[in-house]
Amino acid sequence: MLDTDFHITTISDDGSYTAFSKEYNEHYHSTKDGALNESLNKHVIPAFKVKMHQDEINILDICFGLGFNTLATIYFVKKNSLSCRLNIYSPELDAKLINSLENFIYPKEFEELREIIVKLIKNGYYKDEQLFIELFLGDAREYITKFTDKFDIVYQDAFSPSANPTLWTLEYFSDIAKAMKKDGILTTYSISLPTRIALFENGFTLYLNSGDGFRDSTVASRSLLGEFSFVDVEHKMRCNPEIASLRDCVKLG
Ligand SMILES: C[S@@+](CC[C@H](N)C(=O)[O-])C[C@H]1O[C@@H](n2cnc3c(N)ncnc32)[C@H](O)[C@@H]1O
């Protein structure tokens with residue numbers, strides 16, 4: 001159980017637990033897709049489909065929350081005996097949530113990774129021969145401006161654009177683009193047109209990630225990806241001229 005006034009632990013449809021945030025009025029994961037299933041199928045598997053042959057992979061995990069995307073990445077790498085070095089950087093605003101994660105009921109797939117969570121809570125980082133994780137307690141908007149041309153993978157997993165708009169604007173994705181390598185890949189559960197337009201306006205090509213057992217999600221890159229089907233955002237923009245990307249200057253929140 002999570003020891004905070006602002007969260008309710010909930011079971012999701014794949015049997016893994018997630019949480020409901022009273023502050024954002026949203027679950028941390030899709031309860032329909034399931035927390036672990038969503039993390040693997042909408043983030044880790046599509047990203048590694050493209051990047052698994054690299055010797056070293058730098059990942060930006062927006063935002064840490066319950067840590068599923070970071071933990072599912074490590075689980076995936078170990079399960080598939082990948083030898084790549086992993087450097088994961090993850091911001092999180094909610095220090096109280098992080099401090100309560102020791103009591104969270106993680107899926108059995110993460111059982112061997114509990115020591116990582118304990119060390120991350122205690123030290124703000126974790127390090128071993130294959131893995132480095134930095135958990136930054138603070139605002140993701142500030143954190144991402146520290147990086148240039150760094151990330152191979154970005155997991156864009158903030159609360160929804162309506163609940164957490166500052167992490168979905170044109171200007172936010174401009175900073176994300178600067179922080180990513182040109183051939184980096186961004187994964188997100190969002191298939192909303194304003195999100196896709198904000199990415200497109202920052203030079204990303206948009207792709208559809210679909211499969212059995214989870215709802216469609218989006219993959220984006222400034223390089224061409226043969227692994228996914230192309231989403232024609234320009235066509236969608238012509239068909240929906242009233243829809244635009246979110247902007248920082250419009251009062252958000
Ligand atoms: C949908 S949850 C992330 C789920 C996470 N990937 C997981 O696997 O559990 C969104 C998280 O973003 C955090 N958050 C919201 N705004 C933020 C900001 N500006 N900077 C850093 N973290 C933020 C919230 O506290 C919440 O933990």
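Two strands are taken to pair if DSSP finds at least two bridges between them. Helices (H or I, at least four residues) and strands (E, at least two) are DSSP runs, numbered from the N terminus. The structure is a predicted model, in which local features need pLDDT of at least 70 and side-chain atom pairs count only at pLDDT 80 or more, whereas totals for chains, interfaces and linings use all residues. Residues are numbered from 1 along each chain as its sequence is written.

Strands β4 and β5 pair in the parallel sense over five bridges, and L60 has Y89 in β5 as its bridge partner. Between these strands the chain passes through α2, and the resulting β-α-β crossover is right-handed; that is, with the strands pointing away from the viewer, the path from the first strand over the helix to the second runs clockwise. Strand β4 also pairs with β8 (residues 151-156), in the parallel sense and over four bridges. Here L60 stands opposite V154. Six of the seven residues of β4 (residues 56-62) are buried, so this strand is largely enclosed by the rest of the structure. A residue counts as buried if 20 or more other C-beta atoms lie within 10 Å of its own, exposed if 12 or fewer, and partly exposed in between, with C-beta atoms placed from the backbone.

In contrast, β6 (residues 125-127) runs antiparallel to β7, over three bridges. These two strands form a hairpin with three residues between them, and K127 stands opposite F132.

A separate description applies to β1, β2 and β3, which form an open antiparallel sheet in that order. Strands β1 (7-11) and β3 (26-27) lie at the edges, each with a single partner strand, so one side of each is left without a neighbour in the sheet. Five bridges join β1 to β2 (residues 17-21), and T10 has T18 as its bridge partner.

Around the ligand stand 22 residues, the closest being C63, G65, L66, F68 and A140; a residue is near the ligand if its C-beta atom, placed from the backbone, lies within 6 Å of it.
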